[in-house]
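Subject: Structure for your files

Hello,

Please find the structure below. My notes come after it.

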Amino acid sequence: MSMELNFLFQNCEAQATARAWVRNDSCNFRLSRKYRIYYRFLRPFMPIAVRQLLQRKQRVVVNDGWYKPIEFMNSLMECFQSTENELAQIRSWPNGSEFAFVLTHDVETSEGMRHVARIADFEEQLGFRSSWNLVPHKYKIDMGLVKDLQSRGFEIGVHGFNHDGQLYSSRRVFERRAVAINEAIKKYGAVGFRSPMVHRNLNWLQSLEIEHDSSCFDIDPFQAAPGGVGSIWPFIAGRFVELPYTLPQDHTLFVALGERDERIWKDKLDFIIRHHGMAMMLTHPDYLTGPRESEIYVRFLEYVKNLDNFWHATPMDVARWWREREQAGVFALQPSSSAAQEPVGDR
Ligand SMILES: [Zn+2]
């Protein structure tokens, strides 16, 4: 039995293509032997500075524009037999908004935990609300802070079990930890999840009692499990809505690539706006500690704030919106060109 994957495309070929991308990227993952040894025996003893040095040495060769899922978009256009212009007419957000803008954070360490309040404050001042994914069995979690954030409209999610990289070492390990993860989900009043290191297996993740997951991404060659589902839109993956992150991680830009501004975020956002997708950021309070990184992040938020016609929502809001559309039988991802509006039976 395989789980339902639904992209809310009316076009059957587009559905099939998008599903194939997900199956290929996110449905069969488990840790390779090499990584099982690394996470179990080597990584725990490496200071973070050494790990970061290794990551910088690990040269990933990429083209300009590595952060845009061009290949996926081209395969969609083939399905619709349409031009880029027609694809750009897909409208899936409330009130005709051009794109959705979603902020998420994974809190990696107790040091990161100390920066949560400060970052939440300036997001709130700019009119934004984000979700904070916490690791239940790694550092102390202040339930007072959790409740305070939730009462101000922020969302709390769960980020793995203890972040040791071994969640996907076997199905048995995953299932055992899923019990504890589900307990944490209940305890924090969470409805969302993201796996550490964005390791991902949507089949295994069905064991979690969640409304949404964000362990997938459209494209990211810099992760330990690189690749991507291609889609810059949410999709239904069995019992939850999958919300792929679509803007490169802060860690990738600032630590791995040494970027010094928000150029890449802006360029990717343009791409997402052109296709009316979901711009989901994944940043870490652990890396937004220095004044430079914080400034770049704030500058980017201010830039977005000044754009019009976008829907700012928490991951929970987006997941619920998407689920409603599915239940109402709305084909959310349908170019509104005349060619694409033919009834299905006619093709
Ligand atoms: Zn993490």
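This is a predicted model: local features need pLDDT of at least 70, side-chain atom pairs count only at pLDDT 80 or more; totals for chains, interfaces and linings use all residues.

Residues are numbered from 1 along each chain as its sequence is written.

Overall fold

The protein chain has 13 helices and 10 strands (DSSP runs numbered from the N terminus: H or I of at least four residues for helices, E of at least two for strands). Its radius of gyration is 19 Å, close to the 20 Å that the globule rule gives for 347 residues, so the chain is as compact as a globular protein of that length (taken over C-alpha atoms; the rule is 2.2 Å times the number of residues to the power 0.38). Buried residues account for 42% of the 347. A residue counts as buried with 20 or more other C-beta atoms within 10 Å of its own, exposed with 12 or fewer, and partly exposed in between, the C-beta atoms being placed from the backbone.

In strand 9 (residues 278–283), 6 of the 6 residues are buried, so the strand is largely enclosed by the rest of the structure. Met278, Met280 and Leu282 lie on one side, and Ala279, Met281 and Thr283 on the other. Strand 2 (residues 99–106) pairs with strand 9 in the parallel sense over 6 bridges (pairing requires at least two DSSP bridges). Met278 is the bridge partner of Ala100 in strand 9.

Helix 1

In helix 1 (residues 12–26), the buried residues are Ala14, Ala18, Trp21, Val22, Asp25 and Ser26. Down the helix axis they fall within an arc of 95 degrees, so they line one face (the arc is that of the directions from the axis to the C-beta atoms). Their cover includes strand 1 (5–6) and helix 4 (70–80).

Pro221

Pro221 sits in the loop between strand 6 (212–213) and strand 7 (235–237). Pro221 is partly exposed, with 15 other C-beta atoms within 10 Å.

Regards

Note on methods:
The expected span of a helix is 1.5 Å times one less than its number of residues. Two residues are in contact if their C-beta atoms, placed from the backbone, lie within 7 Å.
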